[in-house]
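Colleague: I've got some questions about the labels used for this one. Can we go through them together?

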Amino acid sequence: MRTVFKTSYDADIRLFKHGAQAFWYGLLLLAVVALPWLISDYMIGEAVNVLIWALAGLGLMVLTGQAGQASLGHTAFLAVGCYTNAILQLKGVPFLVSFPVAGLLAGIVGVIVAIPALRLHGIYLAIFTLALAVLVEDIIVLAAPLTGGISGLNAPTIKILGAEIDRYGAPKLFYYLVLAVVVAVTLLYRNMLRSPLGRSFAAVRDSEISAQAMGVDLARTKAAAFGISCAITGLAGALMGHFAGTFNHETFNLAIAIQLLLMIVIGGLGSIHGAFLGAIVVGFMPTMIAFLRDYVGKVTGTGSIAIPGLEAAVFAAILIGFILLEPMGMYGRWFKIRTYFELFPFYRRDMFKRQKSYLKTERMR
Amino acid sequence: MSLLELDHVTLRFGGLVAVNDVSFSVEEGEVFALVGPNGAGKSTLFNMISRFYTPAAGDIRFQGKSILGLPPSQIAYLGIARTFQNIELFEHSTVLQNLLVGRRRHVRSNLASDLFFTPFVRNEEIRHREAVEKVIDFLELQAYRDKLVAGLPYGVRKVVELARALATEPKLLLLDEPASGLSVEETQDLTYWIEDIRKLMGITVLMVEHDMKLVAAVSDRVLALADGKMLALGPPREVQSHPAVVAAYIGQPAEAVTS
Amino acid sequence: MSSLQLIVSGLANGCVYGLIALGFVLIYKATEAVNFAQGDFMMLGAFVALGLTTGQSLALPFWVAVPVAIVIMFVLGYLLDVVIIRQLFGQSQTTVVILTIALGFIIRFVAGAIWGHEPQTLPTPFAGQNLRFGGIVIGVDELMVIVTTLILTLVLYLFFNRTKLGVAMQAASQNQLAAYYMGIPVKRVQSMIWGVAGAVAAVAGILFASKGSIDPGMGLLGIKAFAAAVIGGFGSLPGALLGGILVGLIEPFSSRYVAAGYSQIAPYVLMLLVLIFRPHGLFAQVYSKKV
């Protein structure tokens, strides 16, 4: 087992704890960069899907995992980012401008939403965001002249410096574009975690009263959390629009909002790895279910039966399994396995047993 | 000019008068204790100084200027730090992270520089870490540095509360029942720490306490309260033997008191 | 349609929302968890009743099928708590919320698999009959909904505030550890409340079915009931009913006076307004903690 001897405060502040960790992540980066050359175009598309979901997950994670504000309606911000980006591009604005502006606008909407939400906690905040998601769906239809209403919009092809980056025409280029955005956001996320900003988020999450006593401005911090979270989600939405090609209000419906939340729970709440692991599950689930369905159909001779809602139900069943058996999510399980090997043979079975918290009413805050 | 002045402060919760025309001042460099039975209004006074409540009448002045116009999150910037009676730590963070939040008052970086983690932010982080390590050394919390607060024993959490308040480098330290729930040894340590805080760090201490031995050992002056009203103010021995204070704690003697 | 007509049908709809909201509030009052699947419970209750009255092997008369369906749903709610929710004992309430969201998906899928996705009707003895009061026509089904809901709300309110079991349930939600020390069988009490919520949902489902057709997707009404519970305030049973009635009344009136498309978002706008200005509902039950 490796014992890390720290000789400077930098060791705690650095991105990687020690050389070996940096090596493994470097290898991962290399593998991810080399991926498009090793797999088929279809699989590249699947990988892009996973990356975009991971980005959306990171956005939600900032709010839920770091600042402790439960959000059930994050698709509202996916939609804002997606529509802003597409509408601006359709009006002739180049991608390199419309993309960050879409993120910025989603962030600003997030800050505006944060203001009435300042006094809300727990379930009330969750309901507030849920109402937002439902409202945004309806607003998109109502603002038909701008948003194309029910028929939706077609995302134009991205043009950067003369190169046409289209999901089908240049899959590798699209992949690298999305990858670049995801890596940049992940770096920002990690910077946030190790800086005073991230600590303020955690303080607001755990004890608003003592956070204030320490000088943390609640309103500013919550607004910042909402702003950053919604900006990242907006960027993911913009990319989603390009990935899907065409979209309308149904693309960002309630089921997707809940899928996002389920995704980060399965992956592991509050960890960057969790967002990626959850995205992998969400990204490949439809393919796997279709595959299983065909297999079952072949084996039992009943042919492939399409039952609506099967995908969602399977997803839900997996989620329930995780909550009951592995509440720390996939990253939690991976961490436990790794710790087992690191501490072998001294791994203690109840090392990660959570402190049981007996319910104390939220109605007295 | 006194460091902290409370001037005829009154606070009502509906029909209940929690604090009734209380006035006192805390001089720089002294240790001032608030004593009294439960419900006397001591923590309420603290909460008014922290600006969680606003008095119905009267003024509270810090370094000569009234603080009644400030929101709670500005109090730390004045140099006032506090601990909480029922421990309000950040449960899901490590002790180190809790203490670093205490440095919020001295943070000079902003949102943008934080997100990009500029070299300025890096140097600031090291600076904050050094300041926090001094507090950890003082209160001997080295063993708990990287442990999550949620699993720590009660006595240690009380010390972390104190450490977090000290990390803000305050001029005035408000301690809300620092010794409650502590063992005899831990209270001894606390006595020495309060002495050091006053002598070595030059911090003024205002504390609410029930442990009379601790109060007698460290305080310069004591204010006794009961039912929101002032009973006696003066050095510990004087206040302890004051008839009104004795009556509030122990009760009137069996014979009726003659007018 | 005259305004009075609108009011009556709005009231009837509102009572159904109110009943679902009642289910939310029941569980919240006793366990401080929110059951996102309450709307789907309602749907299940309606379909169970359908299956009992029109099943090929077993066709029960209506007034026998109703109590049987209610009992079945009570048992289902109870079992749900025993088998799944109880395992989450000691974890944060958000986990339970997420779990119930997932449950909703599964219940919808199972119902669709068993009964198909086509809208069906539940034959009730009071469908289609009308009463006439000097010019207004009131459907007997709507009357039944309103009357049943009022009675049920009263019964539950008295139960929670006057009976020992009801007070025990409230205690368990305010401070579990203390409730244990007082000898309250907290886990069993919680299972009972889930059972009661299931039963109430069954009543709501049957009443709803008597006014129209049902299909597995109807549980999504639950979201409007959510708005109702928020408006009324999550800690208050009569509040839930009032919230439901408000939402039920807003819908037809806003569609008459406001442009189409805007009327369907009216309940949510009202909910947002309540959340912003009076977050704990019109019948708030929140106190502040003394630090």
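Predicted model: local features only at pLDDT ≥ 70, side-chain atom pairs only at ≥ 80, totals over all residues.

Colleague: What makes strand β3 (residues 31-35) of chain B mostly covered?

Modeller: A residue counts as buried if 20 or more other C-beta atoms lie within 10 Å of its own. In β3(B), 5 of its 5 residues are buried, so each of them meets that cut-off.

Colleague: Which residues of β3(B) point which way?

Modeller: V31(B), A33(B) and V35(B) go one way, F32(B) and L34(B) the other, and all are buried.

Colleague: How do you know that β3(B) pairs with strand β8 (residues 204-208) of chain B?

Modeller: Pairing takes at least two bridges. There are 4 between β3(B) and β8(B), so they count as paired. The two run parallel, with F32(B) opposite L206(B). Strand β9 (residues 221-226) of chain B also has 4 bridges to β3(B), again parallel, and there A224(B) is the bridge partner of V35(B).

Colleague: Now helix α11 (residues 266-277) of chain C: why are its buried residues said to be on the same side?

Modeller: The buried ones are P267(C), Y268(C), L270(C), M271(C), V274(C) and L275(C). They cover an arc of only 160° around the axis, so they sit on the same side of α11(C).

Colleague: And what does the face turned away from that side carry?

Modeller: The exposed residues L273(C) and F277(C). For exposed, the count has to be 12 or fewer, so both fall within that limit.

Colleague: What do the buried residues of α11(C) pack against?

Modeller: α6 (122-142) of chain A, plus α9 (222-232) and α10 (237-257) of chain C.

Note on methods. Residues numbered from 1 in each chain as written. Chains lettered and ligands numbered in written order. Arc of directions from axis to C-beta. Contact = placed C-beta atoms within 7 Å.
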